[in-house]
Amino acid sequence: MLHYISSSPLRPRFLLLPSPPSNLRFLTMSASPSSSSSRSVRGAAVSVPSLGADEACAVADEAFRRYTSPSLLRRGGVGVAVVWFRNDLRVIDNEALLRAWAASEAVLPVYCVDPRVFAGSTHYFGFPKKGALRAQFLIECLGDLKQSLRKKGLDLLVRHGKPEEILPSIAKAVSAHTIYAHKETCSEELLVERLVSKGLEQVQIAQGGASVPKRPLNPRLQLIWGATMYHIDDLPFPVSSLPDVYTQFRKAVESKCSVRNCAKLPTSLGPPPSSSIDEIGGWGTVPTLESLGPSVTKSEKGMHFIGGESAALGRVHEYFWKKDQLKDYKVTRNGMLGPDYSTKFSPWLASGSLSPRYICEEVKRYEKQRVANDSTYWVLFELIWRDYFRFLSAKYGNAIFHLGGPRKVVSKWSQDQALFESWRDGRTGYPLIDANMRELSATGYMSNRGRQIVCSFLVRDMGVDWRMGAEWFETCLLDYDPASNYGNWTYGAGVGNDPREDRYFSIPKQAKSYDPEGEYVAYWLPELRSLAKERRNFPGASYIRQVVPLKFDGGNQRKDQQFNRQRRPNNVYIRQVK
Ligand SMILES: Cc1cc2nc3c(=O)[nH]c(=O)nc-3n(C[C@H](O)[C@H](O)[C@H](O)COP(=O)(O)OP(=O)(O)OC[C@H]3O[C@@H](n4cnc5c(N)ncnc54)[C@H](O)[C@@H]3O)c2cc1C
Ligand SMILES: Nc1ncnc2c1ncn2[C@@H]1O[C@H](COP(=O)(O)OP(=O)(O)OP(=O)(O)O)[C@@H](O)[C@H]1O
């Protein structure tokens with residue numbers, strides 16, 4: 001049984017900044033694939049994926065064809081089933097959608113633009129719950145989902161409001177017997193599941209068919225697991241006994257479970273219950289730029305991620321097959337600059353536009369057709385990390401959001417606003433930190449290497465409450481996912497479930513290893529470009545004054561640097577120096 005604890009009070013605050021339709025963005029933002037990496041290094045922004053419109057459509061169509069299998073599927077249900085889309089904005093390998101289809105004669109897909117998700121504030125520090133870039137990415141996901149559902153004989157009903165208010169009334173209007181949705185694991189989402197269930201208890205629908213008694217029934221909420229590569233039911237232990245060491249978890253699942261196949265699609269998922277759609281006010285529209293507020297200023301640098309399942313399928317195709325990057329992933333994955341050092345699948349995984357099982361099947365296909373090596377395996381290794389954090393969130397419940405983390409570690413933290421703001425805005429005086437934080441604000445993305453470094457700096461060198469960093473990431477990240485975000489932050493802060501995951505990242509050492517020529521910092525901080533390459537990460541007095549000294553300076557600190565000793569934060573313990 002997953003745990004439920006009440007959610008935070010709502011502090012509504014709309015931050016939804018819409019965008020042009022995704023098909024338009026394919027046209028306006030496409031770049032020649034071969035030039036994308038070098039262009040990003042020189043300056044211009046690149047779209048991810050960087051496929052032209054025709055190519056993107058062809059790739060998505062081909063994937064849909066491969067995952068359509070009319071002969072294997074049977075539809076034996078009656079009446080109407082509703083699909084409540086949440087963080088599963090895809091058609092391929094969407095088990096909730098498929099189950100609804102199999103158990104009904106008509107399917108109604110619904111998405112609720114929930115003010116708690118699109119607006120409101122983060123729990124402790126009141127940052128915007130969803131930054132404009134992620135809101136925009138999600139709008140694109142919804143637009144694409146609507147189009148894909150239409151191609152499959154359905155459509156997407158879009159309503160603004162809370163699911164627990166919308167879904168019961170829709171279920172009543174269309175006489176739905178079941179609402180299918182994917183199960184979540186964190187308390188905010190679990191609360192909504194409970195409220196929807198409760199709301200449905202108040203609804204009575206008459207049963208159809210001559211052979212069944214006419215006693216009215218409540219529609220029910222059927223929750224399905226679908227967020228991870230390994231299915232929760234296939235784990236060799238109950239989630240409550242999940243190992244606290246990642247390697248133990250990984251070895252157990254790799255040796256004892258297999259990844260289930262992606263669910264295949266029928267040729268058509270239709271029809272929708274069209275007769276009742278007019279009665280409930282029509283299909284509604286995906287929020288647009290005009291309807292939802294001011295536009296977001298697009299960064300002229302870095303990556304522009306395109307939302308939606310079609311773009312996700314395009315990125316898998318581009319990274320694995322077209323650019324043939326998969327075979328080198330393990331070597332390149334610690335990079336920071338350009339679109340191709342890592343897969344960039346995370347924004348689509350977080351919105352559910354991409355199934356991790358689809359990635360797994362594409363890895364296997366690549367291994368058969370091209371090459372199988374450490375790199376091809378390593379993408380799966382990383383996806384197991386993602387699974388692990390998701391299962392940990394089910395095991396530990398709200399403890400992953402608490403200051404002491406799952407281990408209830410007691411230590412002193414500062415909530416110094418000025419220090420935090422210098423970190424948030426990329427003004428710490430450390431180019432590696434500032435460049436990463438500026439990339440995050442400008443694009444909604446930061447490399448895994450960057451995330452580890454800025455996390456370590458905030459919690460170790462500044463001694464600032466790690467939840468401030470985690471909540472800022474929650475605001476900004478396109479790939480924000482509560483389990484992965486708070487899971488990684490608890491590790492970085494040394495309060496995670498595994499006491500050994502407690503590391504200090506030395507900035508001079510990281511700069512030398514991962515940005516030896518200062519290309520990354522000079523990209524985001526152009527004022528450093530004129531310096532000699534080896535000085536870009538160590539600019540001394542020619543750059544902003546450093547707001548705190550480093551705990552360990554790796555022997556690279558210049559003697560003439562001025563530190564503001566008053567600001568030196570409370571000590572946090574450090575177990576390892578990396
Ligand atoms: C402080 C911090 C916060 C983070 N917050 C998030 C978050 O909110 N959402 C999120 O998806 N990832 C988060 N990560 C993990 C990781 O940084 C991103 O998943 C990764 O950078 C995404 O880029 P990519 O898709 O190119 O990754 P790749 O290197 O190509 O990896 C492939 C996939 O593996 C998964 N993965 C890789 N590393 C991790 C990891 N450490 N934890 C969980 N999954 C992983 C992701 O799904 C990723 O898309 C965080 C890491 C840190 C250190
Ligand atoms: N998906 C999520 N994303 C971000 N934060 C979440 C998510 N799910 C839960 N949380 C946050 O975790 C918080 C931790 O809950 P907590 O145990 O603190 O309970 P609480 O009722 O909020 O009590 P308190 O006010 O004492 O913190 C939740 O209130 C919620 O804001």
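1. **Terms and model.** Two residues are in contact if their C-beta atoms, placed from the backbone, lie within 7 Å. The model is a predicted one.

2. **Overall make-up.** The protein has 23 helices and nine strands. It has 578 residues, and 50% of them count as buried. Take the contacts with a separation of 6 or more: residues 24 or more positions apart account for 78% of these.

3. **The open sheet.** Five strands make up an open sheet. Their order is β4-β3-β2-β5-β6, and the pairing is parallel. The edges are β4 (157-160) and β6 (220-224). Each has a single partner strand, so one side of each is left without a neighbour in the sheet. On average, neighbouring strands here are turned by 30 degrees against each other, direction ignored.

4. **The β3–β4 pair.** Strand β3 covers residues 106-113. It runs parallel to β4, and four bridges join the two. V110 stands opposite L157, a residue of β4.

5. **Helix α4 on the sheet.** Helix α4 (residues 95-102) lies across β2 (80-85), β3, β5 (176-182) and β6. Relative to β5, α4 runs at about 160 degrees.

6. **The nonpolar core.** In soluble globular proteins, nonpolar side chains tend to be buried together. The largest nonpolar core here holds 149 residues. V82, V83, V110, L142 and I179 touch the most other members. Helix α6 (residues 132-151) gives the most to this core, with 10 residues. Domain 1 and domain 2 both give residues to the core, so it lies between them.

7. **V83 in detail.** Which residues does V83 touch, leaving aside those up to four places away in sequence? They are A96, L97, A100, V107, P109, V110 and Y180.

8. The protein is divided into domain 1 (1-396) and domain 2 (417-577). In the interface, 35 residues of domain 1 are in contact with 32 residues of domain 2. On the domain 1 side, α6, β7 (303-305), α14 and α16 each supply at least two residues. With six residues, α16 gives the most to that side.

9. **Ligand 1.** The ligand is surrounded by 29 residues. The closest are S342, T343, E382, N485 and N488. Elements giving two or more residues to this shell are α14 (346-351), α16 (374-396), α19 (448-461) and α21 (482-492). Here too α16 gives the most, with six residues.

10. **L265, a loop residue.** Where does L265 lie? It is in the loop between α9 (246-256) and α10 (274-277). Is L265 buried or exposed? A residue is buried if 20 or more other C-beta atoms lie within 10 Å of its own. L265 has 24 other C-beta atoms within 10 Å, so it is buried.

11. **Partners of L265.** Not counting residues up to four places away in sequence, L265 touches Y67, T68, V91 and I92. V91 is 174 residues from L265 along the chain. The C-alpha atoms of L265 and V91 are separated by 8.3 Å.

Methods
Residues are numbered from 1 along each chain as its sequence is written. Chains are lettered from A and ligands numbered from 1 in the order in which they are written. This is a predicted model: local features need pLDDT of at least 70, side-chain atom pairs count only at pLDDT 80 or more; totals for chains, interfaces and linings use all residues. A nonpolar core is a set of buried Ala, Val, Leu, Ile, Met, Phe, Trp, Tyr and Cys residues joined through C-beta atoms within 7 Å. A residue is buried if 20 or more other C-beta atoms lie within 10 Å of its own, exposed if 12 or fewer, and partly exposed in between; C-beta atoms are placed from the backbone. Domain bounds come from an automatic or database domain assignment. Two strands pair if DSSP finds at least two bridges between them. Axes are lines fitted to C-alpha atoms, for helices over the stretch in contact, and angles run from 0 to 180 degrees between N-to-C directions. A residue is near a molecule or strand if its C-beta atom, placed from the backbone, lies within 6 Å of it.
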